[in-house]
Amino acid sequence: TEAIGLYNLGQSCCLNSLLQVFLMNIRFTRILRRITVPSSPAQRRSNVPYQMLLLLEKMQCGKCKAVGPTDLACCLSEHRVKLFVQHDAAQLFLTLWNLLKKQMKKPELVEELSDLYTICIQEHLVCQKCSFEIKSNSTMLTLPLPVLDANSHRLKTLEDCLQYFFHPEELNGQNMCFCQQCGRQTTFLQSMKLVHLPQILTLHLKRFCFERSSRTHKLSHPLPFPQDLDLREVLTENQCQADDSEKASWQYELFAVVAHSGSTSCGHYCAYIRSLTECKWYCFNDSEVCQVSWDDVKCTYGHSSLYWRETAYLLFYMKKHPQ
């Protein structure tokens, strides 16, 4: 029942943090335990769900304070996931999830995995000349939330970031769209509306910003996030495209935080995860695991002048009352 660490294989802190977030989630491991075991040794070596299951069993059966994810890392390298390099946690999370979904052979498990993590959004485009409207649905694994507005002003809270993401935007100038009804390029109003939220809502704080010089710098200013998040209170009726029964389940509790420390060129990841069995917070820093308080987790809010400090990058919220 103890939380087990993962040894760093060489710049594998990002992978380790994400693996801990997956494997500490009971809802995910229930799916993982029902996968079809590949028949041949070669297939087993290259199957990400199976190697993740072996790692889970190794973590749960061993008596060591940490185990090495070597076999899983080698498996990932066969799928063009580079080892011994710095990864972006949001990109690697998407890569891992896609590999899991692709290699789970049972359709019902793929559907359960999608229900667990997939967000459904409806995009609205309205011509400002003739009111011609285009609607399209799409799915996302994470909500990529800006931490600055269009005028480069800092957004002050997570709720502000969510409201800004769903705020309508006028597409004019070089961003104009072709209107089928007008027969020419016109100004459109673009808006995003929330249709469906999964059991695990993943929020990506866009802390890494591209400058005109093509260099990337980190935005480390303070951005508080709550333990409890009710999307019904954050978003307006115009920002939702869902019925009352769907919105009734939009109450979330923070499950995990993947935090980044250092700069864009030289950084480190760790994960803060709330144990679902003990309801205690733990910090997973590669092979080192220790119990922490909510005040320790709040230290990842950010700091205006200390950009090398730990700053929350991915937030994982879990539904309080799943349907």
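Lysine 65 is partly exposed, with a relative accessibility of 49%; here buried means under 20% relative accessible area, exposed over 50%, and partly exposed in between (1.4 Å probe, protein chains only). The model is a predicted one, with local features needing pLDDT of at least 70 and side-chain atom pairs counted only at pLDDT 80 or more, while totals for chains, interfaces and linings use all residues. Residues are numbered from 1 along each chain as its sequence is written, and side-chain values use heavy atoms, with hydrogens and water left out.

Lysine 65 forms a salt bridge with glutamate 288, and their closest N and O atoms are 2.8 Å apart. Lysine 65 sits in the loop between helix H4 (48–61) and strand S2 (66–67), and glutamate 288 in strand S17 (residues 288–292), so the pair ties together parts that are 223 residues apart in sequence. Helices (H or I, at least four residues) and strands (E, at least two) are DSSP runs, numbered from the N terminus. Glutamate 288 is partly exposed too, at 45%. A salt bridge here is a side-chain nitrogen of Lys or Arg within 4 Å of a carboxyl oxygen of Asp or Glu, and by this rule the count comes to seven.

Another of these pairs is glutamate 237 with lysine 247, where the closest N and O atoms are 3.2 Å apart. Glutamate 237 is in the loop between helix H9 (231–234) and helix H10 (244–247), and lysine 247 is in helix H10, ten residues apart. Lysine 298 is partly exposed, at 31%.

Turning to the helices, H4 and helix H6 (residues 89–103) pack at an angle of about 105°, with their axes 8 Å apart. Axes are lines fitted to C-alpha atoms, for helices over the stretch in contact, and angles run from 0 to 180 degrees between N-to-C directions. H4 and H6 are therefore roughly perpendicular to each other, a label that covers 65 to 115 degrees. On the H4 side the contact (heavy atoms within 4.5 Å) is made by Val48, Pro49 and Met52, and on the H6 side by Leu99, Leu100 and Gln103.

Helix H8 (residues 158–165) has Leu158, Cys161, Leu162 and Phe165 as its buried residues. They cover an arc of only 100° around the axis, which puts them on the same side of H8; the arc is that of the directions from the helix axis to the C-beta atoms.

Leucine 314, in strand S18 (residues 311–319), is buried at 0% relative accessibility. Leaving out residues up to four places away in sequence, leucine 314 touches Leu18, Ala89, Ala90, Phe93, Leu203, His204, Ala256, Val257 and Val258.

Finally, the backbone. Most residues other than glycine have a negative phi. Glutamine 11, not a glycine, has a positive phi of about 55°; it lies in the loop between strand S1 (5–6) and helix H1 (13–23) and is partly exposed at 44%. Serine 131 likewise has a positive phi, of about 70°, without being a glycine. Serine 131 is in the loop between strand S3 (119–127) and strand S4 (133–140) and is exposed at 56%.

Definitions and conventions:
Angles under 35 degrees count as roughly parallel, over 145 as roughly antiparallel, 65 to 115 as roughly perpendicular and the rest as oblique.
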